[in-house]
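Q: I'm new to this one. Can you walk me through the structure?

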Amino acid sequence: MVNSNSSVDFMLPVKRAVGATLEVDSESSSLAKKHRSFVSTATSATGTPGVSAVNMGGGNVDGNNGVNNGVGGRNGKAPIGGSQQPDIDEDLHSRQLAVYGRETMRRLFASNILVSGLQGLGAEVAKNLILAGVKSVTLHDVGNVELWDLSSSFIFSEEDLGKNRALASVQKLQELNNAVVIYTLTDELTKEQLSNFQAVVFTDISLDKAIEYDDYCHKHQPPIAFIKSEVRGLFGSVFCDFGPEFTVFDVDGEDPRTGIIASISNDNPALVACVDDERLEFQDGDLVVFSEVRGMTELTDGKPRKIKNARPYSFTIEEDTSNYTAYERGGIVTQIKEPKVLNFKPLKQALKDPGDFLLSDFSKFDRPPLLHLAFQALDKFIADLGRFPLAGSEEDAQKLISLVTGINNSLPDGRLEEIDQKLLRNFAFGSRAVLNPMAAMFGGIVGQEVVKACSGKFHPLFQFFYFDSVESLPSEPLDPDDLKPLNSRYDAQISVFGSKLQKKLEDAKVFIVGSGALGCEFLKNLALMGVCCGDGGKLTVTDDDVIEKSNLSRQFLFRDWNIGQAKSTVAASAATLINPLLHVEALQNRASPDSENVFDDTFWENLSVVINALDNVTARLYIDQRCLYFQKPLLESGTLGAKCNTQMVIPHLTENYGASRDPPEKQAPMCTVHSFPHNIDHCLTWARSEFEGLLEKTPAEVNAYLISPSEYISAMNKAGDAQARDTLERVLECLDKDRCDTFQDCITWARLKFEDYFSNRVKQLAFTFPEDAVTSSGAPFWSAPKRFPRPLQFSIHDLSHLQFVMAASILRAETFGIPIPDWVSSPEKLADAVDKVIIPDFLPKKDAKIVTDEKATSLSTASIDDAAVINELVMKLERCREKLPPGYKMNPIQFEKDDDTNYHMDLIAGFANMRARNYSIPEVDKLKAKFIAGRIIPAIATSTAMATGFVCLELYKVLDGQHKLEDYRNTFANLALPLFSMAEPVPPKVIKHQDMSWTIWDRWILKDNPSLRELLQWLKNKGLNAYSISYGSCLLYNSMFPRHKERMDRKLVDLVKDVAKAELPPYRRHFDIVVACEDDEDNDIDIPQISIYFR
């Protein structure tokens, strides 16, 4: 952890530093750098003198926007055979790289963007682009900060009132990413100034000006991407124009689909059948190429072929294969993703002929045409009167309605038959306000459109998108007086929702679970909305994680000097800087059964709402059960790359989160991973397993044995199975023949491991199952998806072979505490050391057992003499231990994916790629290997911001407390397509019995410490006969057991303590029991959980 008050700041290596200065303190570490920030009056990206340029980066700039980080180009680690400087900081951007890839990131790094209008929406767009890492962002605004702006912009504080918005934004935006150059413009723009940008975004501009600028951008060579977006109360719009011919290189961001071929018919059209290992995801019209096909070589000419009649495991191709060579076996079919050219219309033309609108909610399919007119009418209203309509002013609303009617009547065709005046009144009343949730949502959408414009990655929004969330308004009609400003920072929000709802927001008690990417956005949103900012309000946020470097590219409340600190503490402190009135408590407890003494009954009972910001299903299900139990609303969301989803869990109105589950991910059988891989995922799964076995589990077992030999041996003897035998064999091997005392020993071990894994084992497999082997049914053993392997011949001239040995020997040396010599990074010296290793000849065994059963869960084969073998191994171990020096121990290595200097991913990528080479599977680079083996979840700031915007629009409804099911919305969105799908949540399943009904939300409560008899009678009165009562796994009562009748007059709390041996802590006032009941006709009835209050 770094003390940010230290005179020397530990700077992270940055992606690019532009125009930065660097001072190196000779008395400190080579990574310890002093940095200074500067503001210079310079010629900006627009070529305009006098524009302010700011950069606070560290690092020496090279001619290619690369960074020399002051350690000889090695970043603390020597790549073998050279020291090429990476142009992308993969530690920082790993999650974003998993979405975009290197090429898109490089295009982003070269992009200059203009963001004009820095109220809430502009601030959100700029934030997302700066986090993404564009080359420069120019902030433009001619206006000054007003109190009104504090409702929606996280950048401004009350000290900024009266300052120019662009100038007041620089410092806080620059902190997000030192590598992005930030410029400011504070005068009116000329269209010529747009020529030095790849994309321009306008969030507060008149329609006339927008048409003028867009026309210039559309005709410019090359075209400049023009984006106009507005947030007006609970209404928003986006318009995109990327020029007359814009090429999309990747329309959806998904990997090309593939299939493993099982057969191809000699027919017209030809039928291609694939193995039923996984369903095919091809669609009619997809183009595919064939490779690795044995026989029917005519199809392997590299020519794309079109798919027809796509089925789950087969498809046809428009080709006559009747006279082709007969198909024999094998083959891969791979989708070819073609670029798509889009012809955008300029704004002036698109206003008259908008084409198809992008829909977000099918229950509002008629809204976009009306909103298309409403936004034009609002522009005319402002042009005529020089102001926005006043909140609650019927006169202004009627003027806007008449303007909409006039525009509609002037249309030559496509006139609207009906105009929704109530909707337009709401539009008029809130039109001046920029609401934070709307800004967050549209900031995500617009930020992503800029990325698309700069890179050609993902399909652009084509061309208009309109959205509203009028359901978020209070359910009771608003009094115009309630909308009047109170001279507070929430005035903009009050102008839409009224001061009564504002008071409810301020007095809410909210629990945010998690303060990572989603959590940071939620904290910012709630602070700006004023949630928990009143005297009666309290926000509790908990997260047991600490900040890592890879978090900084999207968890925007964290800075590089916070690395190693608790996420919740840093995030809460940052949120109070956004709004000092926020009452927040930061905890570091994992929300789980183990922390129920912290999050006790009183804590849960006092909550207004729970907001999940989690990254795993297990924790989500636990919080879901707690919310069910205490009947608290749960606002759930999650992201995966450019996708996001939100789910509203509202007591008694909706089903709970756990009511529907995604099917579990299909796991590859163990025998496939270990002996018959057919894709790189299998190779990487095996590689990580071997890494952990060799470098973590076995050294840990060695230490467990050496710390307490007698207890360890006793446990192994007691187990006495094949697994115990295998463990002891590994421990003995590690301390005996594989023990390393010098670095040369480590090189010997690594070289022999290469021979064992990639040559000997493959030779054994091919000996046991030759290429022409058949199964018991006579079918070829090596039929798809199995791939016949070939052994590798080690060569010191193959750099990948040497890299494997280098990474393996370095990590092996770490486990034994052996110093690593400097010469290890020299290919010549390493090759000399490897040449000294003597490789014994290999003879395959005739009786080798290789698991081929796909249902097998262990590779250990039991034998009748396991116990005898264990005894022999124990004796050898004891003799070996006597030879060790006192206090001898190993250093187990825990896999850490996010440190590129530790050689972990080098070894795992080496393991996987050598194995892929054995099986003729395409290899991957280290970054791709990190994504798969490190199980990295792709993540970008834009989809995170959008998800939290959607959720906070629902939060208004929850805290109002009067909304019906049809007012709530669950959302699925994919910014890559783009797709927005909003729908009413599913209601809970209702169970009926006699004149009663209940759902999963109901919990029956008995107070006053009842006895067993009293409980049974209470149920009897409801027409229910209880035949079994249990507490946890312990049976308290069963009607079939005569002795249980003796318990009838005992208090249930005593039965729980005496029979179930439960310890009920002082903070617990009740316990829960599960009761099985039937009705008078002996039909089982599912009843709610019953809570017994004994205090």
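A: Let's begin with a term. Buried means under 20% relative accessible area, exposed means over 50%, and partly exposed is in between, using a 1.4 Å probe and protein chains only. By that rule, tryptophan 782 and phenylalanine 788 are both buried.

Q: What kind of model is this?
A: It is a predicted model, where local features need pLDDT of at least 70, side-chain atom pairs count only at pLDDT 80 or more, and totals for chains, interfaces and linings use all residues. Residues are numbered from 1 along each chain as its sequence is written, and side-chain values use heavy atoms, with hydrogens and water left out.

Q: How do tryptophan 782 and phenylalanine 788 pair up?
A: They form an edge-to-face aromatic pair, 5.2 Å centre to centre with 90° between the planes. Rings of Phe, Tyr and Trp (its six-membered ring) pair if their centres lie within 6.5 Å; planes under 30 degrees apart count as stacked, over 60 as edge-to-face and the rest as tilted.

Q: How many aromatic pairs are in the whole structure?
A: The search finds 53. One of them joins tryptophan 686 and phenylalanine 758, edge-to-face, at 6.3 Å centre to centre and 75° between the planes.

Q: Which helices hold tryptophan 686 and phenylalanine 758?
A: Tryptophan 686 is in helix H17 (residues 680-707) and phenylalanine 758 is in helix H20 (residues 743-768), so the pair ties together parts 72 residues apart in sequence. Both residues are buried.

Q: Zooming out, how many helices and strands?
A: The protein has 28 helices and 39 strands. Helices (H or I, at least four residues) and strands (E, at least two) are DSSP runs, numbered from the N terminus.

Q: What are the overall dimensions?
A: The C-alpha trace spans about 95 × 85 × 75 Å along its principal axes.

Q: What share of the residues is buried?
A: Buried residues make up 56% of the 1095.

Q: Now leucine 1015. Buried or exposed?
A: Leucine 1015 is buried, because its relative accessible area is 0%. It sits in helix H27 (residues 1012-1020).

Q: What does leucine 1015 touch?
A: Leaving out residues up to four places away in sequence, leucine 1015 touches Leu1006, Ile1029, Leu1052, Ile1073 and Ile1090. Contact means heavy atoms within 4.5 Å.

Q: And where is glutamine 448?
A: Glutamine 448 lies in helix H9 (residues 436-455). It counts as buried, at 0% relative accessibility. Beyond its neighbours within four places in sequence, its contacts include Tyr100, Phe458 and Ile940.

Q: What about proline 223? Where is that?
A: Proline 223 is in the loop between helix H4 (207-219) and strand S11 (225-232). It is partly exposed, with a relative accessible area of 29%.

Q: Which residues does proline 223 touch?
A: Not counting residues up to four places away in sequence, proline 223 touches Cys217, His218, Phe242, Gly243 and Pro244. The C-alpha atoms of proline 223 and serine 195 are separated by 9.0 Å, and these two residues are 28 apart along the chain.
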